[in-house]
Amino acid sequence: MALLRVTTPPKGEPSMRMMMLLLAATVAAAPAIAADPIAERQAIMKQNGKDTKALVGYMKGETPYDAAAVTALFTSMNAGAKAFGTKFPPTSKTGGKTEAAPAIWEKPADFKAAVAKFQTDTGAAAAARPASLDAMKPLFGQVTANCKSCHEAFRVKEQ
């Protein structure tokens, strides 16, 4: 029968209990450290901007049409749209060079409706898998109309 021997660590090394306490404290603090809704929503918008710019390249004929790439861009925008609406807790009204307008919190139903429309339209564009530029054009128009209307109602341009 083997005996389990508990020994104290050599001098200068942390005990198992101390290591477990440090691990627990780190895990507990991680969400607070990682959760920066302003930075997260800005990252989503930055990616949407990149995706839109790439789609504009197809619209202008600067980039040869690639149906798979266009679908991937609409899919990326849809993923961002799905995450975006959750990045506006009341604690994120100010700070971080936010351009979020007070209307987001003053008219939450309107904001949720705008986000839902963007989710629907980007999802429909991705699901359509436009095989040609002609098929992409109305989808792109619908998606970017969302951008314009939401930015007009729910964004304050940085001075």
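**Entry 1: the model.** I am working with a predicted model, so I keep that in mind throughout.

**Entry 2: the length of helix 5.** I started with helix 5, which covers residues 108-128. How far apart are its end C-alpha atoms? I found 30 Å, and this agrees with the 30 Å that its 21 residues should span at 1.5 Å a residue.

**Entry 3: the buried side.** Next I looked up which residues of helix 5 are buried, and got F111, V115, F118, D121, T122, A125 and A126. They cover an arc of only 135° around the axis, which means they sit on the same side of helix 5. I reminded myself that an α-helix has 3.6 residues a turn, so residues three or four places apart point the same way.

**Entry 4: the other side.** On the face turned away from the buried side of helix 5, I noted the exposed residues A109, K112, T120 and A127.

**Entry 5: the cover.** What lies over the buried residues of helix 5? My list includes helix 2 (37-59), helix 3 (67-84), helix 4 (103-106) and helix 6 (133-154).

**Entry 6: just past the end.** After helix 5 comes R129, and I noted its positive phi, near 45°.

**Entry 7: the largest pocket.** I then turned to the largest pocket, with a volume of about 570 Å³. It is lined by 24 residues, and R41, M45, F84, H151 and R155 are the closest to its centre. Helix 5 turns up again here: helix 2, helix 5 and helix 6 each supply at least two lining residues. Helix 2 gives the largest share, 7 residues. Sorting the lining by class, I got 12 nonpolar, 7 polar and 5 charged residues.

Terms used: Residues numbered from 1 in each chain as written. Predicted model: local features only at pLDDT ≥ 70, side-chain atom pairs only at ≥ 80, totals over all residues. Heavy atoms only, no water. Helix = DSSP H or I, 4+ residues; strand = E, 2+ residues; numbered from the N terminus. Expected span 1.5 Å × (residues − 1). Buried < 20%, exposed > 50% of the residue type's maximum accessible area, 1.4 Å probe, protein only. Arc of directions from axis to C-beta. Contact = heavy atoms within 4.5 Å. 1 Å grid on protein atoms, 1.4 Å probe; cavity = no way out; pocket = protein on both sides within 12 Å on 5 of 7 lines; lining within 4 Å. Points joined across faces, edges and corners; volume = space filled by probe spheres on them. Nonpolar A, V, L, I, M, F, W, Y, C, P; charged D, E, K, R; others polar.
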